[in-house]
Amino acid sequence: MQSIVWTGRLISRALLSGLPNYSTCADTNVSRKREPQFLSAVCGFPKEFANARIKKGQFGDDAWFTAKFKTADVLGVADGVGGWRNYGIDPGEFSAFLMQTCERLVTSGRFSPHEPASMLARSYYELLENKKSILGSSTACVVVFTHTLPAQHASPGHSASVLSDRPDSADTCNFPVEEGDVILVATDGVFDNVPDQLLLTELSRVQGERDPVKIQHVANSIAWMARSLAFDDKFMSPFAISAQANGIHTVGGKPDDITVLLATVAF
């Protein structure tokens, strides 16, 4: 899990078919008590358009969800490990099951807002007990925003097996949110291709934004930027810079599935 600090605020980083979708995870009408609003939008692309199947909550092997229960709003992304395809296994099944189960746990109220890691753990153990065997591995990040508690997020790692880090031992942190905060949760297809400064420039356009259409436009812009740079063979992408720093000579972007979940906090 990576994070960047921007003007003292934390922007959480994690980790269909280019079909944008926005959701207002809270009533867009400002209440008399001026309760905080958590507004989100999603956009993404599968790595391969030719063989892509449009599935709710998925962009290729990436999976995502947004959900709300009472005063808690939750965002989640999971990045299925594509290497499983070499063994005849669909990497998207693992990540999709994790996120779909997390969404169900949230909407049914069967989760603790201050323990996002336990939500991931419960989703994972349901996967192990599923009648249909689901093999694979995935990174994942879940962000929980409440009106009474600091925002929290949890994220486990992955390996060539299932989850190298048990989801109940995922890295977690919490931080208070303020009006104007912007939260970006995305998969490697974004962070391997779009430099931090370009991301910050885009995110600054929706600081404190209440209009879901404008938030959606910026989510679309980030996804399109990542897609374009991923296939630019002359661009010095963050992936290429990191590779060269480790003695691997490469230039260009890194084609991958792309998922962007963008949210703002407004009062």
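The following questions and answers go through a predicted model of one chain.

Student: What are the conventions of this model, and how many helices and strands are in the chain?
Tutor: This is a predicted model, with residues numbered from 1 along each chain as its sequence is written, and local features need pLDDT of at least 70, side-chain atom pairs count only at pLDDT 80 or more, while totals for chains, interfaces and linings use all residues. Side-chain values use heavy atoms, with hydrogens and water left out. Helices (H or I, at least four residues) and strands (E, at least two) are DSSP runs, numbered from the N terminus. The chain has 6 helices and 12 strands.

Student: What percentage of the residues in the chain is buried?
Tutor: Buried means under 20% relative accessible area, exposed over 50%, and partly exposed in between (1.4 Å probe, protein chains only). The chain has 267 residues, and the buried part makes up 54%.

Student: What is the reach of helix α1 from its first C-alpha to its last?
Tutor: Helix α1 covers residues 91-107, which is 17 residues. The expected span of a helix is 1.5 Å times one less than its number of residues. For α1 the expected value is 24 Å, and the model is close to that, at 25 Å.

Student: Why is α1 described as largely enclosed, and which elements do its buried residues pack against?
Tutor: Since 12 of the 17 residues of α1 are buried, the helix is largely enclosed by the rest of the structure. Among these buried residues are Phe94, Phe97, Leu98, Met99, Leu105 and Val106. With contact taken as heavy atoms within 4.5 Å, the buried residues of α1 pack against β5 (58-59), β6 (62-69), β7 (72-80), α2 (116-129) and β8 (138-146).

Student: Which residue caps the N-terminal end of α1?
Tutor: A polar contact is a pair of N or O atoms within 3.5 Å; within protein, one must be able to donate a hydrogen and the other to accept it, and residues adjacent in sequence count only if both atoms are side-chain atoms. At this end of α1, a side-chain oxygen lies 2.9 Å from the backbone nitrogen of glycine 92, and the oxygen belongs to aspartate 90.

Student: Is phenylalanine 111 buried or exposed, and which residues is it in contact with beyond its neighbours within four places in sequence?
Tutor: Phenylalanine 111 lies in the loop between α1 and α2. At a relative accessible area of 14%, phenylalanine 111 is buried. Its C-alpha is separated by 9.6 Å from that of phenylalanine 69, 42 residues apart along the chain. Leaving aside neighbours within four places, the contacts of phenylalanine 111 are Phe69, Ala72, Val74, Leu105, Val106 and Met119.

Student: Which backbone nitrogen does the side chain of serine 138 reach?
Tutor: Serine 138 is in strand β8. Its relative accessible area is 0%, so serine 138 is buried. At 3.3 Å, the side chain of serine 138 reaches the backbone nitrogen of aspartate 79.

Student: How many residues apart in sequence are the parts tied together by arginine 85 and aspartate 61?
Tutor: A salt bridge is a side-chain nitrogen of Lys or Arg within 4 Å of a carboxyl oxygen of Asp or Glu. The side chains of arginine 85 and aspartate 61 meet in one at 2.8 Å, N to O. Arginine 85 lies in the loop between β7 and α1, and aspartate 61 in the loop between β5 and β6, so the pair ties together parts whose separation in sequence is 24 residues.

Student: Where do the two residues of the salt bridge between arginine 210 and glutamate 179 lie?
Tutor: Their side chains meet at 3.3 Å, N to O. The pair links distant parts of the chain, 31 residues apart: arginine 210 is in the loop between α4 (196-203) and α5 (212-230), and glutamate 179 is in the loop between β10 (171-175) and β11 (182-186).

Student: Which residue places a side-chain oxygen at the start of α5?
Tutor: Helix α5 has 19 residues and reaches 27 Å, close to the 27 Å expected. At its start, a side-chain oxygen reaches to within 2.9 Å of the backbone nitrogen of valine 213, and that oxygen belongs to aspartate 211.
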